[in-house]
Amino acid sequence: MRYAAIILGPVLCLVTTILVGQYAMRWLFAYRIGETRLEIALFRRIVVWRLPFDTIAGVRRVSFLETLPFGSADTLFAVRLGNRVWGECVLITLKRGFPRAVLVSPDDADRFVSEARKKLAQSP
């Protein structure tokens, strides 16, 4: 019985941490598409990063497996500002500067990508 508690305790702690990360982290980061830029906001209020559309080279949806270490060369050195543990992510590739890639995880990745691409097409 004691050995079961030794094994079960850390397993339950890990599962709880993953579930909290998956569902509670959505309050941490929010992503907004404005007229001239993408914004990443902390606690849905404090804008921590603005990405003007003229600095963005591309936006595409990537799978969870591609975000893992060595899953894709594009995501290996990306700044990860996701708000969940697993799920579909969006890779934002920048034209210049460091970092060259940013990973975000909006609630609806497909809609986010299509809206961002429309704004990118409209920007000079």
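**Entry 1**

I looked up Trp 86 and found a relative accessible area of 38%, so Trp 86 is partly exposed. I noted that the model is a predicted one. Trp 86 sits in the loop between β5 (79-81) and β6.

I then asked which residues form a nonpolar patch on the surface. Trp 86 is one of them, and the others include Tyr 3, Ile 6, Ile 7, Phe 64 and Leu 68. Together the patch residues have about 1200 Å² of accessible area. I found at least two patch residues in each of α1 (2-24) and α2 (64-67). Helix α1 gives the most, with 8 residues.

**Entry 1: the cores**

I turned to the inside. I wrote down a general point: in soluble globular proteins, nonpolar side chains tend to be buried together.

The largest nonpolar core here has 19 residues. Ile 40, Ile 56, Val 90, Ile 92 and Val 104 touch the most other members. Two or more residues come from each of β1, β2 (37-42), β4 (56-62), β6 (89-94), β7 (101-104) and α3. The largest share, 5 residues, is that of α3. I also found a second, separate core of 6 residues, with Val 62, Leu 91, Ala 101 and Leu 103 among them.

I listed the contacts of Val 90, leaving out neighbours within four places in sequence. Val 90 touches, among others, Val 59, Val 102, Val 104, Ala 109 and Phe 112.

**Entry 2: the aromatic pair**

I searched for aromatic pairs and the structure holds 1. The ring centres of Tyr 31 and Phe 112 are 6.4 Å apart, and the planes stand at 75°, so I put the pair down as edge-to-face. Tyr 31 belongs to strand β1 (residues 29-33) and Phe 112 to helix α3 (residues 109-122), so the pair ties together parts 81 residues apart in sequence.

**Entry 3: Leu 51**

I found Leu 51 in strand β3 (residues 46-52). Leu 51 is buried, at 3% relative accessibility. Beyond its neighbours within four places in sequence, Leu 51 is in contact with Arg 37, Leu 38, Ile 40, Ile 56, Ile 92 and Leu 94. I also noted Glu 39, which is 12 residues from Leu 51 in sequence and 6.3 Å away in space, C-alpha to C-alpha.

**Entry 4: salt bridges**

How many salt bridges does a search of the whole structure find? I recorded 8 salt bridges.

Arg 37 is bridged to Glu 39, with the closest N and O atoms 3.0 Å apart. Arg 37 is partly exposed at 30%, whereas Glu 39 is buried at 16%. Arg 32, Arg 37, Glu 39 and Arg 50 are linked in a network of salt bridges.

Next I took Arg 61, which is partly exposed, with a relative accessible area of 40%. Arg 61 forms a salt bridge with Glu 88, the closest N and O atoms being 2.9 Å apart. This pair links distant parts of the chain, since Arg 61 is in strand β4 and Glu 88 in the loop between β5 and β6, 27 residues apart. Glu 88 is partly exposed at 33% relative accessibility.

Arg 61 also meets Asp 110 in a salt bridge, at 2.9 Å from N to O. Asp 110 lies in helix α3 and Arg 61 in strand β4, so this pair ties together parts 49 residues apart in sequence. I noted Asp 110 as partly exposed, at 48% relative accessibility.

Conventions:
Residues are numbered from 1 along each chain as its sequence is written. This is a predicted model: local features need pLDDT of at least 70, side-chain atom pairs count only at pLDDT 80 or more; totals for chains, interfaces and linings use all residues. Side-chain values use heavy atoms; hydrogens and water are left out. Rings of Phe, Tyr and Trp (its six-membered ring) pair if their centres lie within 6.5 Å; planes under 30 degrees apart count as stacked, over 60 as edge-to-face and the rest as tilted. Helices (H or I, at least four residues) and strands (E, at least two) are DSSP runs, numbered from the N terminus. A nonpolar core is a set of buried Ala, Val, Leu, Ile, Met, Phe, Trp, Tyr and Cys residues joined through side-chain atoms within 4.5 Å. Buried means under 20% relative accessible area, exposed over 50%, partly exposed in between (1.4 Å probe, protein chains only). Contact means heavy atoms within 4.5 Å. Patches are made of residues with over 30% relative accessible area and no salt bridge: like charges are joined within 9 Å, nonpolar side chains (Val, Leu, Ile, Met, Phe, Trp, Tyr) within 5 Å. Accessible areas come from the Shrake-Rupley method with a 1.4 Å probe; for residues, only the protein chains shown count as cover. A salt bridge is a side-chain nitrogen of Lys or Arg within 4 Å of a carboxyl oxygen of Asp or Glu.
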